[in-house]
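Please look over the model before reading on.
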Amino acid sequence: MQTQVAIIGAGPSGLLLGQLLNQAGIANVILERQTADYVLGRIRAGVLEQGTVNLLREAGVSERLDREGLFHEGVELAFDGRRVRVDLKHLTGGSTVTVYGQTEVTRDLMDARTRSGAPSVYGVANVQLHDLKGGEPWVTYEKDGEVYRIDCDYIAGCDGFHGVSRQTIPAETLTTYERVYPFGWLGLLSDTPPVNHELIYAHHPRGFALCSQRSETRSRYYLQVPLAENVEHWSDERFWGELRSRLPDDVSSHLVTGPSLEKSIAPLRSFVVEPIQYGKLFLVGDAAHIVPPTGATGLNLAASDVNTLYRILLKVYREGRTDLLERYSPIALRRIWKAERLSWFMTSLLHEFPDADGFSRRIQQTDCDYFTSTEAELKTIAENYVGLPYEAIE
């Protein structure tokens, strides 16, 4: 098989890149080791930055998003028994965030790809990337006992943290930056109305809590728990009781509880590799970086990578600007590190750290007061939360 861009991974970043390339007339093939149902079954992020929404609209997959998404003009921080609203729209000059689950984004992109007729191959095994530094890279994979080959111009590694793309790059050419946090998030999904019309990030001496949502009738809640905690030890009753204890009284009194649809614990880590390009292989999304979910930047950062790579490839194929290819990594990394900083900042601000001494706790308390005391500091939070502008490709 011959194509222009081989995309490894059919998560939202791979599908979004494929959709944008399809619209531009750039041929591409997507390979995915899991089944389509498995990919759709992943319960992930639900807050979309303004730039991500704009990119989905440009890709022609926003009809359901525009109809069903919940557009939020603010977000709340709760600590020391008080609530502070960050007025995103006012502080950023009109930008907002949209609550629309990653599962729904993936479904919309899958449906668009099916309509386009562009090839996607699910359930592949033993994917290998070849001749990345040469003139014409190629990919091999196995499917139903047969070995297949795809010849291409470029490869986009959108296959996540554990995928083959980053692992193919020689380890000695990469620099890894990582921070593992001593706690995780216990998440619960339920068909109950959200406790608040906007997200609430709460700091409490018992640990962090987040009140999020997927729709007006489906809620997503999180609790900070020790890293070694076992999800089987958390009944629904225990979860709801602990959540109530960490929320301000005027919030917990409105909490509607119900049976959990899904419950899981996710560890928190910050992770970046540099560079995120090796020859004609470009790492996108979780293959290149992981952020704690506190800043709601994971899916959005993947969309940012997609935007950068797509704009570069557009100029390569339309204008012959192959000189731009080497700029992918530095351009993407500038925004990656800013998003990493936001997630690190909010994680440090709102969580209880088991080894924190008295000085560190007082600094944390002072930061909570400082960053919510003036419009200038709230604006810094708001501008980062709605998403920093994409860098132009010129």
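Exposed means over 50% relative accessible area, buried under 20%, and partly exposed in between (1.4 Å probe, protein chains only). This is a predicted model, in which local features need pLDDT of at least 70, side-chain atom pairs count only at pLDDT 80 or more, and totals for chains, interfaces and linings use all residues. Residues are numbered from 1 along each chain as its sequence is written, and side-chain values use heavy atoms, with hydrogens and water left out.

Q: Is Asp144 buried or exposed?
A: Asp144 lies in the loop between strand S10 (138-143) and strand S11 (146-151); strands (E, at least two residues) and helices (H or I, at least four) are DSSP runs, numbered from the N terminus. Its phi is positive, about 55°, although Asp144 is not a glycine. With a relative accessibility of 71%, Asp144 counts as exposed.

Q: Which residues does the cis peptide bond with omega of about -10° join?
A: Most peptide bonds are trans. The loop between strand S17 (260-274) and strand S18 (277-278) holds Pro275. The cis bond joins Glu274 and Pro275.

Q: Are H10 and H11 roughly parallel or antiparallel to each other?
A: Helix H10 (residues 298-319) packs against helix H11 (residues 328-350) at about 160°, with axes 10 Å apart; axes are lines fitted to C-alpha atoms over the stretch in contact, and angles run from 0 to 180 degrees between N-to-C directions. Angles under 35 degrees count as roughly parallel, over 145 as roughly antiparallel, 65 to 115 as roughly perpendicular and the rest as oblique. H10 and H11 are therefore roughly antiparallel.
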